[in-house]
Amino acid sequence: MLFTTEQLDLYRRDGYAIITCPWLEPLTRDCLAAVAKVEVTPDQRGKDGMGNHARLKPQMPESYWSQLDHSLPFLRVILHDEIVELLRQVNADDDIYMRNGGINDMAVGHAVAWHRDYDWDRTEVMHYFTGGRIANGCLRVVPGSHRGTRDQWKVVIDKARQEQGIKGEPRSFAAEVDAVLPGEVSLEVEPNQLIVRSTAIYHATHTNLGPRSRMMSHFVYREHEADDHRFRWENYLTPVLLDALTPKQKRPLWLGREFEIAEKFKPERAREDGKVSWSVI
Ligand SMILES: O=C(O)CCC(=O)C(=O)O
């Protein structure tokens, strides 16, 4: 699955694209079946320190990671041949590294406020596998906002907040609603569609009005020269899971290869290595 030149131009212009993937349907069913196997009630879950676990239990208190993020059903999407091919094209790099995935399990009543992930333009893929509609908290973006400085966009966002009576900066993954921005669009998607977007685009979500938490698996790859590597996957994926992957799927995991973990991820590694892992569900 490659972008045509026209699609690539549109992606670069708008900062996002939505792609429909027929091969996602059975894989999405497996993701949903995995959720049904492990989901818990809030009292069984404990504290949701990172704000991204409504039904999924963090593997450690205050950890970003649940049992599912890089479990087999999700890795089968993240490492799908078609995805890897597309991301090699977008990164213009044949040797990309799968930095991480992650599931945002957004509670009923919660929303995400306007933000940009990074100032640099890399690619993130988002799979709203429980469906993304305005009513359950789908993504909102401002097309083209991956360009321009943070200061420029701060002026636009502050003005809209002020005009709409929103005081300060709403918190993300909380029951706080952010302003409507000029030119914003809502990206409603089916579970067999993916949003491919720039990490620099301004994005937020609508409020999840329920009836259940809204789940989205998102993932990023990095070009091989980036100083932004997070996991040595052989330390986090069980042998049984690794056995279930094809050689092609394993290639972006850089198993057994020597490379530096980025400085910013070293505290996470020290805290979680040996305590967090993913397997077949
Ligand atoms: O959970 C969502 O829909 C939004 C996630 C988000 O804001 C992000 O990936 O930076």
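Predicted model: local features only at pLDDT ≥ 70, side-chain atom pairs only at ≥ 80, totals over all residues.
**Entry 1: strand E3**

I started with how the side chains of E3 point: Thr123, Val125 and His127 go one way, Glu124 and Met126 go the other way, and all are buried. For the record, "buried" means under 20% relative accessible area, "exposed" means over 50%, and "partly exposed" lies in between, with a 1.4 Å probe and protein chains only. Strands (E, at least two residues) and helices (H or I, at least four) are DSSP runs numbered from the N terminus. I noted that five of the five residues of E3 are buried, so to speak mostly covered.

Residues are numbered from 1 along each chain as its sequence is written, and side-chain values use heavy atoms, with hydrogens and water left out.

**Entry 2: who sits beside E3?**

I looked up the pairing next; two strands pair if DSSP finds at least two bridges between them. E3 is joined to strand E6 (residues 193-198) by four bridges, running antiparallel. Four bridges also join E3 to E8, again antiparallel. Which residue of E6 is the bridge partner of glutamate 124? I found arginine 197 there, and in E8 the partner of glutamate 124 is valine 220.

**Entry 3: a three-strand sheet**

I then traced an open sheet with the order E5-E4-E7 and antiparallel pairing. Strand E5 (185-187) and E7 are at the edges with a single partner strand each, so one side of each has no neighbour in the sheet. From one strand to the next the twist averages 35°, where axes are lines fitted to C-alpha atoms (for helices over the stretch in contact) and angles run from 0 to 180 degrees between N-to-C directions. Strand E4 (residues 139-141) pairs with E5 over three bridges, and valine 141 has valine 185 of E5 as its bridge partner.

**Entry 4: empty space**

Rolling a probe the size of a water molecule over the atoms shows where empty space is left. On a 1 Å grid over the protein atoms alone, a cavity is a set of points where a 1.4 Å probe fits but cannot get out; a pocket is an open set with protein on both sides within 12 Å along at least five of seven lines; lining residues have an atom within 4 Å of a point. Grid points are joined across faces, edges and corners, and a volume is the space filled by probe spheres set on the points.

I found about 640 Å³ of space in the largest pocket. It has 33 lining residues, and Tyr64, Asn104, Asp117, Phe173 and His218 are the closest to its centre. E8 gives the most to this lining, six residues. The second largest pocket holds about 250 Å³. Its lining has 13 residues, with Lys154, Ile157, Asp158, Arg161 and Glu169 nearest the centre.

My search of the whole structure gave one cavity of 30 Å³ or more. Its lining includes Ala111, Arg140 and Thr205.

**Entry 5: the whole protein**

I counted nine helices and eight strands. Of the 281 residues, 53% count as buried.
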